[in-house]
Amino acid sequence: MASRTVAKDIITLRGSAAIVSEFFGYAANSILYNRGVYPEESFEKVKKYGLPMLLTHDEGLKSFISNLNAQLSEWLEAGKLQRVVLVIMSKATNEVLERWNFSIETDSEVVEKGYRSPSLFVALGVFDVLAYTDKDVAVPFTWIESDPKLIANPQMVKLHSFDTKIHKVDTLVSYKNDEWDEQ
Ligand SMILES: *[C@@H]1O[C@H](CO)[C@@H](O)[C@H](O)[C@H]1NC(C)=O
């Protein structure tokens, strides 16, 4: 009996981790599309979550996102991922223009530490992913410690939260303020 319950929980946890990491993949695709970081024609429209979503067919970006999904799934399954931050920087100045702060609620003990994935240098900007995990997780050598890449006095927008019952994701977007200056 007990072992059956455990097996069911493991499957559910794995399913939840897959859903949440996939959600970050779609979020990265939309952000890169909306910011014009990759050309419009390198995306195709698919239906997901009952919505039209854009998915890249750029090979470099596809493999970056699939590696990211695999790593985030592993940390989510271990209940050790607290936050994922997607950052868009100016290529010219390296200044952070947009910061998507996805916080993840699980019931694990939280000890924060920030890691940054390898940067993806692209034509019109630079894209980074920061993952905040428990201190005791194994981190691949390609991920390096990073500052939080905050935006000073940002414009902030909070989006609807998303919940699988195991992982709850809250989204807070910060934008560099002067982009919103009145003309
Ligand atoms: C990111 O989100 C978390 C949880 O909502 C919040 O505590 C934190 O202050 C946010 N960070 C920034 C820089 O907005």
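**Entry 1: the loop around Asp 147**

I started with Asp 147, which sits in the loop between strand 8 and strand 9. This is a predicted model, so I kept that in mind for each entry. Is Asp 147 buried, exposed or partly exposed? I looked up its relative accessible area and found 48%, so Asp 147 is partly exposed, given that buried means under 20% and exposed means over 50%.

Next I looked for a partner of its side chain. A polar atom of the Asp 147 side chain lies 2.9 Å from the backbone nitrogen of Lys 149.

**Entry 2: two positive phi values**

I stayed with Lys 149, which is found in the loop between strand 8 (144-145) and strand 9 (155-163). Its phi is near 50 degrees, and I noted this as a positive value in a residue other than glycine. With a relative accessible area of 13%, Lys 149 is buried.

Then I turned to Asn 153, which also lies in the loop between strand 8 and strand 9. What is the phi of Asn 153? I read a value near 45 degrees, again positive in a residue that is not glycine. Asn 153 has a relative accessible area of 64%, so I marked Asn 153 as exposed.

**Entry 3: Thr 164**

I moved on to the loop between strand 9 and strand 10, where Thr 164 lies. What does the side chain of Thr 164 reach? I found the backbone nitrogen of His 167 at 3.0 Å. The Thr 164 side chain also makes a polar contact with the side chain of Ser 16, at 2.6 Å. Leaving out residues up to four places away in sequence, I listed Ser 16, Ile 19 and Val 20 as the residues that Thr 164 touches.

**Entry 4: the nonpolar cores**

How many residues does the largest nonpolar core have? I noted 35, and the ones with the most contacts inside this core are Phe 24, Val 84, Leu 86 and Phe 102. I then asked which elements give two or more residues to it, and wrote down helix 1 (2-34), helix 2 (59-77), strand 3 (81-89), strand 4, strand 7 (126-133) and strand 10 (168-175). Helix 1 gives the most, with eight residues.

Not counting residues up to four places away in sequence, Leu 86 touches several residues, among them Phe 24, Ala 27, Ala 28, Ile 31, Phe 102 and Phe 127. Its list also includes Glu 98, Arg 99 and Asp 128.

There is a second, separate core of eight residues, and I noted that it includes Val 85, Val 87, Tyr 132 and Ile 151.

**Entry 5: the ligand**

Which residues are around the ligand? My list reads Arg 99, Asn 101, Ser 103, Leu 150 and Leu 172. By class, I recorded two nonpolar, two polar and one charged residues in this shell. Strand 4 (residues 96-105) gives the most to the shell, with three residues.

I then looked at Asn 101: an N or O atom in its side chain is 2.5 Å from an oxygen atom of the ligand. Last, I noted the area: taken alone the ligand exposes 360 Å², and the protein buries 55% of that.

Conventions
Residues are numbered from 1 along each chain as its sequence is written. This is a predicted model: local features need pLDDT of at least 70, side-chain atom pairs count only at pLDDT 80 or more; totals for chains, interfaces and linings use all residues. Side-chain values use heavy atoms; hydrogens and water are left out. A residue is near a molecule or strand if one of its heavy atoms lies within 4 Å of it. A polar contact is a pair of N or O atoms within 3.5 Å; within protein, one must be able to donate a hydrogen and the other to accept it, and residues adjacent in sequence count only if both atoms are side-chain atoms. Accessible areas come from the Shrake-Rupley method with a 1.4 Å probe; for residues, only the protein chains shown count as cover. Helices (H or I, at least four residues) and strands (E, at least two) are DSSP runs, numbered from the N terminus. Ala, Val, Leu, Ile, Met, Phe, Trp, Tyr, Cys and Pro count as nonpolar, Asp, Glu, Lys and Arg as charged, and the others, Gly among them, as polar. A nonpolar core is a set of buried Ala, Val, Leu, Ile, Met, Phe, Trp, Tyr and Cys residues joined through side-chain atoms within 4.5 Å. Buried means under 20% relative accessible area, exposed over 50%, partly exposed in between (1.4 Å probe, protein chains only). Contact means heavy atoms within 4.5 Å.
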